[in-house]
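I am starting a page on a structure that is new to me. My plan is to look things up one by one and write down what I find.

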Amino acid sequence: MSSQNTVTPSDKALQARRRFLREMAGAAGGACMLALGVGMVGREASAKPAMAIRPPGALAEPDFLSACVRCGLCVRDCPYDTLKLSELGDNVAVGTPYFTARDIPCEMCEDIPCVKACPTGALDRELTDIGEARMGLAVLIDHETCLNFLGLRCDVCYRVCPVIDQAITLELVHNPRSDRHAMLLPTVHSDACTGCGKCEKSCVLPESAIRVLPHKLAQGQSAEHYRKGWAEKEKAGGSLIGEQEQLPMRGLEDREYGDTRVTPDYQPAKPGGLDSGWKP
Ligand code: SF4
Ligand code: SF4
Ligand code: SF4
């Protein structure tokens, strides 16, 4: 046996050390990859979905993300295939359920099987009336292409709404373009819209003029200090500041108070024609 083939204890130690370093490098690489992967998933998990609509009863987004275990049971039990589990690149936290109204809206099942299937309460079990669901809020987003806003009669979004005449009403307004027709403007009411998305799905235009948006995008928030005079008046059963003196409206003295309609014979006062008596 040559001395080259003789493995001494120090060689063994050296080999063991090399193996250890190799394994450590591999493990460190794996750990880096794992950390990178976790980081990516973590970033995805904390990414806010801009347009994604959650299933009925979903908790507020941060609570939902903590509670949802990505099991997919709500998706499995949705009889209309409305719900999907997000995948990498969907810009929705990976593995969480959402739906795209323009593809498949929520059919508002009376027994809400998606909520019943959720094992963690990420979809709130206290939601037993689907009419109380607030998945998002429909917004008539494009007045320029909506056929009703152009003075035509379409009304499809109004007619398919499961909460018709509460979530969407048609508001009659004068058509200033033709000056002799009416326009019936689809108008969404946030206190009744469930965000099911049937209006968005059914809009006849190639790109829907009405869309369901997450409430955060669709709604503002009233300032707490702001009081609506007319609401306060109704609550109090009368004016809060007592009777007001009704001042005459100059040039309209023969009219009812508040009647400022312009009639064909109305002649605006000429400059300097009325002397208010005010002097600098
Ligand atoms: S209410 Fe029905 S249609 Fe809507 S998401 Fe749940 S299971 Fe699907
Ligand atoms: S999303 Fe559209 S169809 Fe559904 S309740 Fe609201 S307005 Fe009606
Ligand atoms: S279905 Fe579309 S185009 Fe027709 S009224 Fe509704 S939003 Fe307008």
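How many contacts beyond four places in sequence does the model have for residues 1-10, where pLDDT stays under 50? I found three for residues 1-10, taking a contact as heavy atoms within 4.5 Å and pLDDT as the predictor's confidence in each residue, from 0 to 100. Residues 12-46 also stay under 50, and there the model has 10 such contacts. Over the protein, pLDDT averages 81, and 75% of the residues score at least 70.

Ground rules. I note that this is a predicted model, in which local features need pLDDT of at least 70, side-chain atom pairs count only at pLDDT 80 or more, and totals for chains, interfaces and linings use all residues. Residues are numbered from 1 along each chain as its sequence is written, chains are lettered from A and ligands numbered from 1 in the order in which they are written, and side-chain values use heavy atoms, with hydrogens and water left out.

Overall build. I looked up eight helices and six strands, which are DSSP runs numbered from the N terminus (helices H or I, at least four residues; strands E, at least two). Their order from the N terminus is α-α-α-β-β-α-β-α-β-β-α-β-α-α. Of the 280 residues, 31% are buried, that is, under 20% relative accessible area with a 1.4 Å probe, protein chains only. Among contacts with a separation of 6 or more, 61% join residues 24 or more positions apart.

Ligands. I counted a residue as near a ligand if one of its heavy atoms lies within 4 Å of it. Around ligand 1 I found, among others, Cys78, Cys106, Cys109 and Cys114. Ligand 2 has 14 residues around it, and Cys161, Cys193, Cys196, Gly197 and Cys199 come nearest. Ligand 3 has 13, the closest being Cys146, Leu147, Cys154, Cys157 and Cys203. The shell of ligand 3 divides into 11 nonpolar, one polar and one charged, where Ala, Val, Leu, Ile, Met, Phe, Trp, Tyr, Cys and Pro are nonpolar, Asp, Glu, Lys and Arg charged, and the others, Gly among them, polar.

Thr194. I placed Thr194 in the loop between strand E5 (182-188) and helix H6 (198-202). Is Thr194 buried or exposed? Thr194 is buried, because its relative accessible area is 2%. A polar atom of its side chain lies 3.4 Å from the backbone nitrogen of Cys196. Beyond four places in sequence, its contacts include Met108, Ile130, Arg134 and Val163.

Technical notes. Buried means under 20% relative accessible area, exposed over 50%, partly exposed in between (1.4 Å probe, protein chains only). A polar contact is a pair of N or O atoms within 3.5 Å; within protein, one must be able to donate a hydrogen and the other to accept it, and residues adjacent in sequence count only if both atoms are side-chain atoms.
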